[in-house]
Amino acid sequence: MKVHEYQAKDIFRAEGLPVPTGKVFTKDTLSESAIAAIGKLPLVVKAQVHAGGRGKAGGVKIVQSPKEAYEFSKSLLGKLLVTFQTAGKGQPINSVLVESASILKKELYLAVVMDREKSLPCVVFSEMGGMEIEEVAKEHPEKILKLHFEPEAGVSEAEALKLIHKTNLLDSQKKEIAKIISVLSRIFVKKDISLMEVNPLGILENGDVFIVDSKAIFDDNALFRHPDIAEMRDASQEDLREVEAKKFDLSYVGLDGNIGCMVNGAGLAMATMDIIKLHGGEPANFLDVGGGASVEKVTAAFKIILTDPSVKAILVNIFGGIMKCDVVAQGIVAAAKQIQLKVPLVVRLEGTNVKEGLAILRNSGLNIVLAEDLTDAAKKVVVAAKGKK
């Protein structure tokens with residue numbers, strides 16, 4: 001689960017980390033007087049959306065007066081911000097963060113992430129902050145410093161100092177950064193975070209170290225331990241189809257194609273999308289119904305797929321292991337009748353009770369195209385999506 005920049009900074013502030021003074025405003029709370037109360041000028045206004053690239057997209061601006069901050073904030077609120085991370089669709093700006101602008105002498109990069117290969121959290125640090133870290137890693141890999149740590153232990157200040165001791169920073173700055181790294185490592189574990197990024201971690205003109213921008217992504221599976229964090233969820237920043245899918249324990253990710261996919265198992269779902277593309281089609285989504293496909297679940301999956309107006313055909317690819325194919329078939333028929341399915345439906349079943357399942361589909365009276373195998377299914381659904389028979 002992603003949170004907004006101001007929410008991540010609230011967490012950091014509560015742990016004693018150095019973050020700028022600022023306030024969050026919505027349409028209802030925005031006022032010039034409240035902005036003026038922030039104090040020190042200049043100010044920076046930041047659109048609060050769950051996407052990077054806000055500055056390049058016009059969502060961040062340094063202003064010289066409370067009035068200018070008010071006018072710019074007013075121009076942002078209620079609009080959509082399209083960045084390179086929003087796939088051209090844009091995200092709603094429901095709040096803005098106005099804070100004292102940090103006049104930076106140097107920009108650094110700091111993150112704590114889960115390293116899936118090593119099954120350990122890892123601190124990532126670079127003197128080349130303020131830009132895409134992927135480009136730094138590609139062009140200057142020697143500038144990327146990493147430190148893996150055991151969750152129970154965290155990172156001590158001494159360990160953090162050892163990591164950054166060769167950097168071109170003042171000793172006082174190294175000590176301050178080491179403290180920040182140590183605290184962030186503890187927050188990362190305590191709050192069940194999967195990604196925590198500070199970019200930039202700024203060195204101010206006076207030499208102080210400040211968390212200028214930040215993001216945090218929390219492990220959805222651990223939110224039951226953190227009801228206060230769960231309350232920070234902003235569903236308006238998420239794909240509404242994904243939000244709806246979570247209600248039914250479905251794994252859904254919207255894509256840009258026109259072939260809806262309903263599959264059981266993440267690996268099989270990935271393979272299904274790959275083979276659709278291999279035969280000239282474009283998947284409209286990733287959707288894993290999991291190990292138990294009830295009628296309710298299958299119906300919800302169909303409805304979610306069909307909320308995408310680009311979908312011209314649907315491929316259901318089910319391997320009946322834990323689930324039985326006849327039960328799945330009953331769910332498909334009931335769901336298709338309930339929602340009055342009007343786009344072509346291609347179904348490939350394999351596994352337990354497959355003969356019984358196929359018989360149910362054949363005798364359903366519905367226009368369902370049955371496939372012999374995955375290749376046959378992909379070919380048939382690609383043809384169907386093009387409106388051909």
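The points below go from the chain as a whole to single helices and residues.

1. Basis of the note. This is a predicted model, in which local features need pLDDT of at least 70 and side-chain atom pairs count only at pLDDT 80 or more, while totals for chains, interfaces and linings use all residues. Residues are numbered from 1 along each chain as its sequence is written, and side-chain values use heavy atoms, with hydrogens and water left out.

2. The chain overall. The chain has 13 helices and 18 strands; these are DSSP runs numbered from the N terminus, with helices being H or I of at least four residues and strands E of at least two. Along its principal axes, the C-alpha trace spans about 75 × 45 × 40 Å. Of the 389 residues, 49% count as buried. Here buried means under 20% relative accessible area, exposed over 50%, and partly exposed in between, with a 1.4 Å probe and protein chains only.

3. Among contacts between residues at least 6 apart in sequence, 67% join residues at least 24 apart; a contact means heavy atoms within 4.5 Å. The accessible surface comes to about 18,900 Å², of which 53% belongs to carbon and sulfur atoms; the areas come from the Shrake-Rupley method with a 1.4 Å probe, and for residues only the protein chains shown count as cover. There are 50 positive and 50 negative side chains, and the centres of the two sets lie 4 Å apart. Lys and Arg count as positive and Asp and Glu as negative, whereas His and the chain ends are not counted; each charge is placed at NZ of Lys, CZ of Arg, CG of Asp or CD of Glu.

4. Helix α3. This helix covers residues 66-76, and its buried residues are P66, A69, F72, S73 and L76. They lie on the same side of α3, because they cover an arc of only 130 degrees around the axis; the arc is that of the directions from the helix axis to the C-beta atoms. An α-helix has 3.6 residues a turn, so residues three or four places apart point the same way. The exposed residues K67 and K74 are carried on the face of α3 turned away from its buried side. The cover over the buried residues of α3 includes α2, β2, β3 and β6 (96-100). Just after α3, G78 takes a positive phi of about 90 degrees.

5. Helix α12. Which residues of α12 are buried? They are V354, G357, L358 and L361. Their arc around the axis is only 95 degrees, which puts them on the same side of α12. The buried residues of α12 pack against α11, β17 and β18 (368-370).

6. Residue Q48. This residue is found in the loop between β2 and β3 (60-63), and Q48 counts as buried because its relative accessibility is 1%. A polar atom of the Q48 side chain lies 3.3 Å from the backbone nitrogen of E5, and a polar atom of that side chain lies 3.3 Å from the backbone oxygen of K46. Not counting residues up to four places away in sequence, Q48 touches several others, among them H4, Y6, R54, P92 and Q237.

7. Residue N206. The loop between β10 and β11 (209-211) holds N206, which is exposed, with a relative accessible area of 57%. A polar atom of the N206 side chain lies 2.9 Å from the backbone nitrogen of D208. N206 and K105 are 101 residues apart along the chain, yet their C-alpha atoms are separated by 8.5 Å.

8. Backbone details to inspect. A cis peptide bond with omega of about -5 degrees joins L41 and P42; P42 is in the loop between α2 (32-36) and β2 (43-47). A cis peptide bond also joins N199 and P200, with omega of about 5 degrees, and P200 is in strand β10 (residues 193-204). D249 is not a glycine but has a positive phi of about 60 degrees; D249 lies in the loop between α8 (240-247) and β13 (251-254) and is exposed, with a relative accessible area of 60%. N353, likewise not a glycine, has a positive phi of about 60 degrees. The place of N353 is the loop between β17 (345-351) and α12 (354-362), and N353 is partly exposed at 26% relative accessible area.

Note on methods
Polar contact = N/O pair within 3.5 Å; in protein donor to acceptor, adjacent residues only side chain to side chain.
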